[in-house]
Amino acid sequence: ELSWDGPAIAVPSLVAPLAVSVVIPCKEEARNLEILLPNVVGFAEELIVVDGHSKDHTRELAQQHGAKYFLDNRQGKGDGIRVGIEKATRPICVFMDADLSHDPNDIPKLVQPILDDQADLVLGSRIRGGGDEFHATFEEMVRLCGNAGLTWLINMRCGLDLSDSQNGFRAARTALLRRLRLNSKRHTIETEMTMRAKRSGARILEVATHEYRR
């Protein structure tokens, strides 16, 4: 039986759904989207599913839950993110993975600093909020070390003080994202987004978010 493994979803009063487009790039994730999409409703006026040409019922699920559905250009996650940015109509974009690792309850934490005009790009931090995959196995420890190394390099190069530069769970002003002219095709899109945003003079903050096991 399908169920949401995270905490109970309760839409808080802080976030302004009318200002938010949630962008979910995915491929063959219908089983997870069946759980995720109804839990995201209420946090955003606009849900955008960017599909990597799945052969499951992703399109039908997106339409069933009122999400806008688009196909990417078969070039990877970065391409899916760019399609979502292009199609978004709200002033703030929130990016989520479709594998249930991101908690919809954390969306207000990402959005509120932008609504309060304290930031232009807000990154979720699994280091601050905890990650179920950041311990226990050798592969997960390698992932943690790789993330830490890349974060250190970005901090040194850009003069930042981040703890989790590779987290795909983040929010940004849509206008800023379009100005950055991102071109990464795969998972390097997060690194490119952060570095280009900093070089453009954007204000970057981190907030604690939790990542569940994929």
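## Basis of the description

The model is predicted: local features need pLDDT of at least 70, side-chain atom pairs count only at pLDDT 80 or more, and totals for chains, interfaces and linings use all residues. Residues are numbered from 1 along each chain as its sequence is written, and side-chain values use heavy atoms, with hydrogens and water left out.

## The sheet

Seven strands form an open sheet with mixed pairing, in the order β3-β2-β1-β4-β6-β5-β7. Helices (H or I, at least four residues) and strands (E, at least two) are DSSP runs, numbered from the N terminus. Two strands pair if DSSP finds at least two bridges between them. The edges are β3 (68-71) and β7, each of which pairs on one side only. On average, neighbouring strands of this sheet are turned by 20° against each other, direction ignored.

The pairing of β5 with β7 is parallel and extends over five bridges. Within it, L121 has I204 of β7 as its bridge partner. Helix α1 lies across β1 and β2 and runs at about 175° to β1. Such axes are lines fitted to C-alpha atoms, for helices over the stretch in contact, and angles run from 0 to 180 degrees between N-to-C directions.

Helix α4 is largely enclosed by the rest of the structure, because seven of its nine residues are buried. Buried means under 20% relative accessible area, exposed over 50%, and partly exposed in between (1.4 Å probe, protein chains only). The buried residues are I107, P108, L110, V111, Q112, P113 and I114. Their cover includes β1 (20-26), α1, β4, β5, β6 (170-173) and β7.

I114 belongs to this helix and has a relative accessible area of 2%. Leaving aside neighbours within four places in sequence, I114 is in contact (heavy atoms within 4.5 Å) with I92, A119, D120, V122, A171, A172 and R173. I114 and R203 stand 89 residues apart in sequence, and their C-alpha atoms are 9.5 Å apart in space. After α4 comes D117, whose phi is positive, near 60°.

## Salt bridges

Side chains of opposite charge can pair when their charged atoms come close. A salt bridge is a side-chain nitrogen of Lys or Arg within 4 Å of a carboxyl oxygen of Asp or Glu. A search of the whole structure finds 13 salt bridges. One of them joins E45 and R90, with the closest N and O atoms 3.9 Å apart. This pair links distant parts of the chain, 45 residues apart: E45 is in the loop between α1 (30-40) and β2 (46-51), and R90 in the loop between α3 (77-87) and β4 (92-95). E45 is partly exposed at 44% relative accessibility, and R90 is also partly exposed, at 23%.

R203 and D117 meet in a salt bridge of 2.8 Å, N to O. R203 lies in the loop between α8 (189-199) and β7 (204-208) and D117 in the loop between α4 (107-115) and β5 (121-125), so this pair ties together parts 86 residues apart in sequence. Salt bridges that share partners join D117, D120, R173 and R203 into one network. In the salt bridge between E211 and R126, the closest N and O atoms are 3.2 Å apart. E211 is buried at 1% relative accessibility, and R126 is buried with a relative accessible area of 6%.
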